[in-house]
Amino acid sequence: MVIAPIAAISVLYSLYSSWHWSEGELRTAVHQASDALNAKLHYASRTTPQEDLVRNAVEESGTGPGHGLSARGDGVAGYTISTEDTDGAFCMYLTLTPVYTGNAYPAALERHHVTATVAEGPCRQP
């Protein structure tokens, strides 16, 4: 009789935590995404927002539930990353440096080295 409620509470807590972000999971995912973005070249355009690139990198980190994530650009190169489940937010700044490949691709298809840095808190507009 005593074990059944404890088991039920454990299962419910496990389900809740697998569907909701924690502050620690968000922090870990954002820092892993920054490392992943810095590690390889990306096809990107310096003239278009990179919200999808940032959001995908955080989701592909494998940390957190993988949904409920928001990445909003500030118009300068900073992307505020947050979730509905957490009070915290992180600002990821991107710098895209074109890598010359010898091909005459349009700017939208250029390969770039991405330099991603992370700061605690939402991005501030200049």
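How many disulfides does a search of the whole structure find? I get one, taking a disulfide as a pair of cysteine sulfur atoms within 2.5 Å.

**Ground rules.** I'm working on a predicted model, where local features need pLDDT of at least 70 and side-chain atom pairs count only at pLDDT 80 or more, while totals for chains, interfaces and linings use all residues. Residues are numbered from 1 along each chain as its sequence is written, and side-chain values use heavy atoms, with hydrogens and water left out.

**The disulfide.** C91 is joined to C123, S to S 1.9 Å. I looked up the torsion about the S-S bond: about 100°, so this disulfide is right-handed. The pair ties distant parts of the chain together, with C91 in strand 4 and C123 in the segment after strand 5, 32 residues apart. I'm using DSSP runs numbered from the N terminus, H or I of at least four residues for helices and E of at least two for strands. Both C91 and C123 come out buried, with buried meaning under 20% relative accessible area, exposed over 50%, and partly exposed in between (1.4 Å probe, protein chains only).

**Helix 2.** Next I checked the length of helix 2, residues 23-39. At 1.5 Å a residue its 17 residues should span 24 Å, and the end C-alpha atoms are 25 Å apart, which agrees. The expected span here is 1.5 Å times one less than the number of residues.

Which residues of helix 2 are buried? I list L26, A29, V30, A33, S34 and L37. An α-helix has 3.6 residues a turn, so residues three or four places apart point the same way. On the face turned away from the buried side I find D35 and A39, both exposed.

What covers the buried residues of helix 2? The cover includes helix 3 (51-59) and strand 4 (89-98), counting contact as heavy atoms within 4.5 Å.

**The core.** Of its 21 residues, L26, L37, V54, V58, I81, M92 and L94 touch the most other members. Helix 2 gives the largest share, five residues.

**Last look.** E59 sits in helix 3 and is partly exposed, at 31% relative accessible area. Its C-alpha lies 8.1 Å from that of A33, 26 residues apart along the chain.

Methods:
A nonpolar core is a set of buried Ala, Val, Leu, Ile, Met, Phe, Trp, Tyr and Cys residues joined through side-chain atoms within 4.5 Å.
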